[in-house]
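The following note sets out points for a colleague who is reviewing this structure. Please read them alongside the sequence and the coordinates.

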Amino acid sequence: MPATKLSISLNTILTSFLNLLVSQSKKAKARVYDYTRFTSGQDYVFEAKEDGIKGYITAQFSGVQSGDYIILIHGSHKRCYQVEEIDYYSEPADMWMALLRLVEDYGV
């Protein structure tokens, strides 16, 4: 009986470990999108909140995900924001709105 319990426990541990490895490998690395070459109000709309620490952006570029970084010109400064939340529209499928948070130490 103890060998059966040990076998089940080891099997459970091994399965859990393999599931963890698979989920970690599926996580995409954060990407950086440079929107400084785009025109605010035409290619995207950015609405700053909390003195520019946060903001909402609406744009139509596919592939942006939560955790990614977006570099914008805000005022006269180049600033890097991280996507905290993002919601894609159903139509057109590449249009989205996201909540951004300023990243102070990103180095832009």
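1. Helices (H or I, at least four residues) and strands (E, at least two) are DSSP runs, numbered from the N terminus. The model is predicted, so local features need pLDDT of at least 70 and side-chain atom pairs count only at pLDDT 80 or more, whereas totals for chains, interfaces and linings use all residues. Residues are numbered from 1 along each chain as its sequence is written, and side-chain values use heavy atoms, with hydrogens and water left out.

2. Cis peptide. Proline 92 is found in the loop between S5 and S6. The peptide bond that leads from glutamate 91 into proline 92 is cis, with omega near -5°.

3. Sheet order. Two strands are said to pair if DSSP finds at least two bridges between them. An open sheet of 6 strands has the order S1-S4-S5-S6-S3-S2, and its pairing is mixed. S1 and S2 are the edge strands, each pairing on one side only. From one strand to the next, the twist averages 35°; axes here are lines fitted to C-alpha atoms, for helices over the stretch in contact, and angles run from 0 to 180 degrees between N-to-C directions. As background, strands of a sheet pair through backbone hydrogen bonds, either parallel or antiparallel.

4. S1 and S4 run parallel and are joined by 3 bridges. In this pairing, aspartate 34 stands opposite isoleucine 71 in S4.

5. Pairings of S3. S2 and S3 run antiparallel and are joined by 6 bridges; tyrosine 44 has alanine 59 in S3 as its bridge partner. S3 also pairs with S6 in the antiparallel sense, over 7 bridges, and threonine 58 stands opposite methionine 97 in S6. Buried means under 20% relative accessible area, exposed over 50%, and partly exposed in between (1.4 Å probe, protein chains only). Of the 7 residues of S3, 5 are buried, so this strand is largely enclosed by the rest of the structure.

6. The S2-S3 turn. S2 and S3 form a hairpin with 4 residues between them. Two residues of this loop deserve a check of their backbone angles. Glutamate 50, in the loop between S2 and S3, has phi near 50°, a positive value in a residue other than glycine. Aspartate 51 lies in the loop between S2 and S3, and has a positive phi of about 55° although it is not a glycine. Aspartate 51 counts as exposed, at 81% relative accessibility.

7. Nonpolar core. A nonpolar core is a set of buried Ala, Val, Leu, Ile, Met, Phe, Trp, Tyr and Cys residues joined through side-chain atoms within 4.5 Å. The largest such core has 16 residues, and those with the most contacts inside it are Tyr35, Ile57, Val64, Ile70, Leu72, Trp96 and Leu100. At least two residues of this core come from each of S2 (44-49), S3 (54-60), S4 (69-74), S5 (77-88) and S6 (95-102). S6 supplies the largest share, 4 residues. In soluble globular proteins, nonpolar side chains tend to be buried together.

8. Valine 64. Where does valine 64 lie? Its place is in the loop between S3 and S4, and valine 64 counts as buried, at 1% relative accessibility. Leaving aside neighbours within four places in sequence, valine 64 is in contact (heavy atoms within 4.5 Å) with Tyr33, Tyr35, Ile70, Val83, Ile86, Tyr88 and Trp96. The C-alpha atoms of valine 64 and arginine 31 are separated by 8.0 Å, and the two residues are 33 residues apart along the chain.

9. Aromatic pairs. Rings of Phe, Tyr and Trp (its six-membered ring) pair if their centres lie within 6.5 Å; planes under 30 degrees apart count as stacked, over 60 as edge-to-face and the rest as tilted. The whole structure has 5 aromatic pairs. In one of them, the ring centres of tyrosine 35 and tyrosine 44 are 5.8 Å apart with their planes at 50°, so the pair is tilted. Both tyrosine 35 and tyrosine 44 are buried. Phenylalanine 38 and phenylalanine 61 form a further tilted pair, 4.7 Å centre to centre with 35° between the planes. This pair links distant parts of the chain, 23 residues apart: phenylalanine 38 is in the loop between S1 (32-34) and S2, and phenylalanine 61 in the loop between S3 and S4. Phenylalanine 38 is partly exposed, with a relative accessible area of 22%, and phenylalanine 61 counts as partly exposed at 22% relative accessibility. Ring pairs link Tyr35, Phe38, Tyr44 and Phe61 into a cluster.
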